[in-house]
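Here is a walk through one protein chain. Keep the structure open as you read.

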Amino acid sequence: MIPWLGPRDPFPPVEVALSDPNGLLAAGADLSVHRLLDAYRQGIFPWYSEGDPLLWWSPDPRMVLFLDELRVTRSLRRVIRTQRFDVTLDRAFLDVMAGCAEPRDGQDGTWITPEIVDAYSELAALGYGHSVEAWADGELAGGLYGVAIGRMFYGESMFARRSDASKVALAYLVRQLRRWNFELIDCQMTTSHLASLGAREVPRHVFNAQISRLVRQPPIPGPWRVDDDLGADL
């Protein structure tokens, strides 16, 4: 059994999260800015399907991407150098969320509900939510969005309408975050796609020790922008 949270109830310790399903910690509460920021600072995130209760998770192990471990293949590096995509930050947050919510092969529905869109849009308006956009021929070809607290970035979702668009967006984000002294990106759940990009699993206690330090560091004020010379690092 997991606890049902009221509006003022704190999260239970992450150590009591279920092992099956991995990381399910609690249900209920709300998606207010205060609740979401409190969750992320503890390594907790919301994930649920439309029509289901609001569920909170803290998996063990945790999938993370250490920024110096991003795997950029030769083919991806060629794509970056051809400048096929123009990459921006914080230019089209809602459009990126809409792209991430689009139906995907083998998936029925989306967890990016209207309530999620509203909640994360508010985070973006307050400088916590950020998007990365990859443009091609003036159209949004792919991207990703997430939440930043201090010098910690929590990745939420990514999408691509053209081949390699989301990978290029991620590569730009990683290089920019490294310049700002971020150290890792939370990837939440383990997938083979993330592993192919260099992400790996770490024990939950190691992850939480990292974020407890990083979230206390001074934030990078928004809206974020890509450094003009960033392409030289890719």
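Predicted model: local features only at pLDDT ≥ 70, side-chain atom pairs only at ≥ 80, totals over all residues.

Residues are numbered from 1 along each chain as its sequence is written, and side-chain values use heavy atoms, with hydrogens and water left out.

Begin with the sheet of S1 to S4. Helices (H or I, at least four residues) and strands (E, at least two) are DSSP runs, numbered from the N terminus. Two strands pair if DSSP finds at least two bridges between them. Four strands form an open sheet with mixed pairing, in the order S1-S2-S4-S3. Strand S1 (4-5) and strand S3 (45-46) are at the edges, each with a single partner strand, so one side of each has no neighbour in the sheet. S1 pairs with strand S2 (residues 24-28) in the parallel sense, over two bridges. There, Trp 4 stands opposite Ala 27 in S2.

Next comes helix H1 (residues 33-41). Its buried residues are Val 33, Arg 35, Leu 36, Leu 37, Ala 39 and Tyr 40. Buried means under 20% relative accessible area, exposed over 50%, and partly exposed in between (1.4 Å probe, protein chains only). Gly 43 follows H1 and has a positive phi, near 80°.

Now find S7 (129-136). How many of its residues are buried? Eight of eight are, so S7 is mostly covered. Gly 129, Ser 131, Glu 133 and Trp 135 point one way from S7. His 130, Val 132, Ala 134 and Ala 136 point the other way. In a regular strand, side chains alternate between the two faces of the sheet.

S7 has partners in S6 and S8. With S6 it pairs in the antiparallel sense over four bridges. Val 87 stands opposite Ala 134 in S7. Eight bridges join S7 to S8, and these two also run antiparallel. Val 132 has Leu 144 in S8 as its bridge partner. The hairpin of S7 and S8 has two residues between the strands, and Asp 137 there takes a positive phi near 55°.

Helix H3 (residues 93-100) has a buried side. Phe 93, Val 96, Met 97, Gly 99 and Cys 100 are buried. They cover an arc of only 160° around the axis, which puts them on the same side of H3. That arc is taken over the directions from the helix axis to the C-beta atoms. What covers these buried residues includes helix H4 (114-125), S7, S8 and S9. Contact here means heavy atoms within 4.5 Å.

Some backbone spots deserve a look. Most residues other than glycine have a negative phi, and most peptide bonds are trans. Gln 83 is not a glycine, yet has a positive phi of about 55°. It lies in the loop between H2 and S6. Is Gln 83 buried or exposed? At 66% relative accessibility, Gln 83 counts as exposed. Asp 90 also has a positive phi, near 55°. It lies in the loop between S6 and H3. At 19% relative accessibility, Asp 90 counts as buried.

Two cis peptide bonds follow. One joins Asp 20 and Pro 21, with omega about 0°. Pro 21 lies in the loop between S1 and S2. Another joins Gly 222 and Pro 223, again with omega about 0°. Pro 223 lies in the segment after helix H7 (204-214).

Finally, the pockets. On a 1 Å grid over the protein atoms alone, a pocket is an open set of points with protein on both sides within 12 Å along at least five of seven lines, where a 1.4 Å probe fits; lining residues have an atom within 4 Å of a point. A volume is the space filled by probe spheres set on the points, which are joined across faces, edges and corners.

The largest pocket holds about 800 Å³ of space. Of its 32 lining residues, the closest to the centre are Arg 104, Trp 111, Glu 156, Ser 157 and Met 158. S9 gives the most to this lining, with five residues.

The second largest pocket holds about 250 Å³. It is lined by 13 residues, and Gln 83, Tyr 172, Asp 228, Leu 230 and Gly 231 are the closest to its centre. Helix H2 (74-81) and strand S6 (86-89) each supply at least two residues of this lining.
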